[in-house]
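Please look over the sequence and the model below before reading on. The briefing that comes after them goes from the whole chain to single residues.

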Amino acid sequence: MFSLEDLPRMIDMTSIYADSQLRDIDRVCDIAKAYHCASTIAFPCYLSYTIKNTLGYDDVLNGSVTGFPFGGELTSAKVYEAKQLELMGAQEIDMVMNVGAFLSGNQKYAKQDMATVCESVKVPVKVIIETAFLDDKQIATAAELAVGAGAKFVKTSTGLHDKPTTVHMIKIIKDAIGDSALIKAAGGIRDVDTMLEMIDAGAHRFGLGVRSAQPILREIDTRLGRESLMDYIK
């Protein structure tokens with residue numbers, strides 16, 4: 001049975017802002033270790049750094065991204081990067097669907113792009129469908145395509161847009177894919193209650209930027225009646 005203490009274990013702690021610096025990556029690692037988060041996710045150039053800085057914390061995975069943030073790269077470029085990330089030690093890879101191709105009606109290309117990347121590596125791939133650009137029907141279709149392409153997770157968003165991920169979006173994805181893949185909610189998630197509602201709707205993982213994650217983790221500590229671990233993280 002789910003307990004609030006389990007919530008940090010469902011969080012991918014990330015720093016994939018354009019201006020992410022080493023101090024941000026340090027904080028990602030420190031928070032992930034303190035709260036035993038599901039994973040760290042950083043730009044490819046920081047992957048070796050996150051792996052080194054979470055040594056000994058085997059319950060914290062290390063992941064990275066490809067085709068981020070727009071998804072319009074050549075499939076071959078995405079494949080090359082995904083393979084390199086796997087060789088470097090990435091345990092999960094978040095990739096962005098070619099949203100433009102999908103919205104243009106070229107679902108065959110969009111699915112093949114995802115499938116080629118998923119098939120190129122052995123580690124789980126989370127496909128970002130960018131729900132901010134899609135209507136309800138398109139969200140369902142994109143989720144189905146991602147699962148058909150071999151995605152282990154359907155991820156809602158890069159989080160780089162004004163339109164936040166909603167509980168309604170999670171329900172649409174869950175209705176579309178059932179138990180055939182997991183769901184990662186990301187983008188504009190700012191409080192614990194929203195996360196709990198998303199879990200009820202079918203979410204299994206959350207992508208939280210290190211800047212927005214800190215107040216959420218403090219809220220979890222407060223609800224659990226304990227001193228916040230955030231006070232001990234530099």
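Predicted model: local features only at pLDDT ≥ 70, side-chain atom pairs only at ≥ 80, totals over all residues.

Residues are numbered from 1 along each chain as its sequence is written, and side-chain values use heavy atoms, with hydrogens and water left out. The protein contains 9 helices and 8 strands, where helices (H or I, at least four residues) and strands (E, at least two) are DSSP runs, numbered from the N terminus.

**Overall shape and surface**

- The protein is as compact as a globular protein of its length, because its radius of gyration of 17 Å is close to the 17 Å that the globule rule gives for 234 residues; the radius is taken over C-alpha atoms, and the rule is 2.2 Å times the number of residues to the power 0.38.
- Taken along the principal axes, the box filled by the C-alpha atoms of the protein is roughly 50 × 35 × 30 Å.
- Of the 234 residues, 54% count as buried, a term that means under 20% relative accessible area, whereas exposed means over 50% and partly exposed lies in between (1.4 Å probe, protein chains only).
- Among the contacts with a separation of 6 or more, 69% are between residues 24 or more positions apart, where contact means heavy atoms within 4.5 Å.
- The protein exposes about 10500 Å², of which carbon and sulfur atoms supply 52%; accessible areas come from the Shrake-Rupley method with a 1.4 Å probe, and for residues only the protein chains shown count as cover.
- The 25 positive and 31 negative charges have mean positions 4 Å apart; Lys and Arg count as positive and Asp and Glu as negative, while His and the chain ends are not counted, and each charge is placed at NZ of Lys, CZ of Arg, CG of Asp or CD of Glu.

**Helix H1 and the residue after it**

- Helix H1 has 14 residues and reaches 20 Å from its first C-alpha to its last, close to the 20 Å expected at 1.5 Å a residue; the expected span is 1.5 Å times one less than the number of residues.
- The buried residues of H1 include Ile 25, Val 28, Cys 29 and Ile 31, and also the charged Asp 24, Arg 27 and Lys 33.
- The cover over the buried residues of H1 includes E1, strand E2 (39–42), helix H2 (47–53) and H9.
- His 36 follows H1 and lies in the loop between H1 and E2, where its relative accessible area of 33% makes it partly exposed.

**Helix H9 and its partners**

- Helix H9 (residues 210–223) also has 14 residues, and its reach of 20 Å is close to the 20 Å expected.
- Among the buried residues of H9 are Val 210, Ala 213, Ile 216, Leu 217 and Ile 220, and the buried residues of this helix pack against strand E1 (11–15), helix H1 (22–35), helix H8 (192–201) and strand E8 (205–209).
- Ser 212 lies in H9 and is buried, with a relative accessible area of 15%; leaving aside neighbours within four places in sequence, Ser 212 is in contact with Tyr 17 and Arg 190.
- Just after H9, Gly 225 takes a positive phi of about 70°.

**Met 198 in helix H8**

- Met 198 lies in helix H8 and counts as buried because its relative accessibility is 0%.
- Beyond its neighbours within four places in sequence, Met 198 has contacts that include Thr 165, Val 167, Ile 170, Ile 189 and Phe 206.
- Met 198 and Lys 184 are 14 residues apart in sequence, and their C-alpha atoms are 9.7 Å apart in space.

**Backbone features and loops**

- Most residues other than glycine have a negative phi, and most peptide bonds are trans.
- His 36, which is not a glycine, has a positive phi of about 55°.
- Glu 130 likewise has a positive phi, near 55°; Glu 130 is found in the loop between strand E5 (125–128) and H6, and counts as buried at 2% relative accessibility.
- The peptide bond from Phe 68 to Pro 69 is cis, with omega near 10°, and Pro 69 is in the loop between strand E3 (61–66) and helix H3 (75–88).
- Gly 150 sits in the loop between helix H6 (136–148) and strand E6 (153–155), and counts as partly exposed at 33% relative accessibility.
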